[in-house]
Amino acid sequence: MTAPKHRTSPDRAASGPSRPPRPPRPFTLWREVLTAYAAPALTAGAAGVVTGQRELAVAACTSIAGTSAVVAFLVGTWLRHGGRPRRWTLTAPRGVLTAVLVISAVAAAALLGWFTAQWLPAHTPFPATPWLERLRVDLPVSAALATTIVTLRWRSTTTAPPA
């Protein structure tokens, strides 16, 4: 007597009818923003707790996750363009689109980080603190990750318009 074959055995998969691939979940902005906040907050927060870096644990829930959520919202909103995406965002190769948006977001975040860490304390009564210095790194890195993930996720749910 032979043992019954498991459902996922290669023989069964090869002989059974093939299923069409499952379509990706639709791009839902609030879900992307929530994920953009939660993922870095949990990972960087856990790293801060495990390594005993209290400053990292606090930054994880504030500057790191906050920047990620804001950037995810802005990029996602821009990509959706009121429900009618721009033609070039659909026809450009995924890598090119992602690179263009990442470079733009990182440049803007780096400028904001510099402004907050350098210019603000030099020209206002706001004191320079180590927390402000973290923004020079936290903002561009968070922006790069959030932009990459949101752009790739959005692009995987869209189809190119007919030529």
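Tutor: Let's start with S63: leaving aside its neighbours within four places in sequence, S63 is in contact (heavy atoms within 4.5 Å) with L135, D138 and S142. Keep in mind that this is a predicted model, where local features need pLDDT of at least 70 and side-chain atom pairs count only at pLDDT 80 or more, while totals for chains, interfaces and linings use all residues. Residues are numbered from 1 along each chain as its sequence is written, and side-chain values use heavy atoms, leaving out hydrogens and water.

S63 sits in helix 3; helices here are DSSP runs of H or I, at least four residues, numbered from the N terminus. S63 has a relative accessible area of 7%, so it counts as buried (under 20% relative accessible area, with a 1.4 Å probe and protein chains only). Its side chain also makes a polar contact of 3.0 Å with the side chain of D138; that term means a pair of N or O atoms within 3.5 Å, where within protein one must be able to donate a hydrogen and the other to accept it, and residues adjacent in sequence count only if both atoms are side-chain atoms.

Now for a neighbour of this helix. Buried residues of helix 2 pack against helix 3 (54–80) and helix 6 (130–156). Among those buried residues are L29, V33, A36 and G48. Just after helix 2, G52 takes a positive phi of about 75°.

Notes: Buried means under 20% relative accessible area, exposed over 50%, partly exposed in between (1.4 Å probe, protein chains only). Helices (H or I, at least four residues) and strands (E, at least two) are DSSP runs, numbered from the N terminus.
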